[in-house]
Amino acid sequence: MPSGMDERRKGLEEEYFHRKNQEAIEKLREKMKVAEEAKAAGISSMRCPRCDGSLAESKFEEVLIDTCDNCGGVWLDSGELEQLTRKESGGGWFSRLLGSEK
Ligand SMILES: [Zn+2]
């Protein structure tokens, strides 16, 4: 027999998931808004993986690096290390740092 109860429960479940979805979308929107505002203010929205301080972008040797304002950690994006080492192929500070001095 066709169960009205099942239909009703299905409807409630759908409503529940619909609401959950809405909540997730709202949260995502909120996050994006925060990131956008931070970007507009010139602040990096990145968090330090080590201490959760905020990372500030700074230029070093023409390469953008992220520096943590809390622990002083320096974070490089993919390719940035390469950029730095390539710049220093003549044997600059970075090569010395890596101990590859002539
Ligand atoms: Zn940090």
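Here are some questions and answers about how the terms for this predicted model are decided.

The model is predicted, so local features need pLDDT of at least 70 and side-chain atom pairs count only at pLDDT 80 or more, while totals for chains, interfaces and linings use all residues. Residues are numbered from 1 along each chain as its sequence is written, and side-chain values use heavy atoms, with hydrogens and water left out.

Q: How many helices and strands does the protein chain have, and what pattern do they follow?
A: The protein chain has 3 helices and 3 strands, and along the sequence they read α-β-β-β-α-α. Helices are DSSP runs of H or I with at least four residues, strands are runs of E with at least two, and both are numbered from the N terminus.

Q: What makes residues 74-75 count as a strand?
A: Strand β3 covers residues 74-75, and a run of E needs at least two residues, so this run qualifies. Val74 has its place in this strand.

Q: Why is Cys48 called buried?
A: Buried means under 20% relative accessible area, exposed means over 50%, and partly exposed is in between (1.4 Å probe, protein chains only). Cys48 has 3% relative accessibility, so Cys48 is buried. Cys68, with 4%, is buried as well. Of the 102 residues of the protein chain, 17% count as buried.

Q: How many disulfides does the structure hold?
A: The structure holds 0 disulfides. To count, a pair of cysteine sulfur atoms must be within 2.5 Å.

Q: Why is the pair Arg9 and Glu13 called a salt bridge?
A: A salt bridge is a side-chain nitrogen of Lys or Arg within 4 Å of a carboxyl oxygen of Asp or Glu. Between Arg9 and Glu13 the N to O distance is 4.0 Å, so the pair meets the definition. Side chains of opposite charge can pair when their charged atoms come close. Being 4 residues apart in helix α1, Arg9 and Glu13 are separated by about one helical turn.

Q: Which other salt bridges can you find in helix α1?
A: The structure holds 4 salt bridges. Among them is Glu15 with Arg19, at 2.7 Å from N to O, and these two residues lie 4 residues apart in helix α1. Another is Arg29 with Glu26, whose closest N and O atoms are 3.4 Å apart; these two are 3 residues apart in helix α1.

Q: What makes Ser54 and Asp69 a polar contact?
A: A polar contact is a pair of N or O atoms within 3.5 Å; within protein, one must be able to donate a hydrogen and the other to accept it, and residues adjacent in sequence count only if both atoms are side-chain atoms. The side chains of Ser54 and Asp69 are joined by such a contact of 3.0 Å. Ser54 sits in the loop between α1 (4-40) and β1 (55-60).

Q: Why is Val74 called partly exposed?
A: Val74 has a relative accessible area of 46%, so Val74 falls in the partly exposed range.
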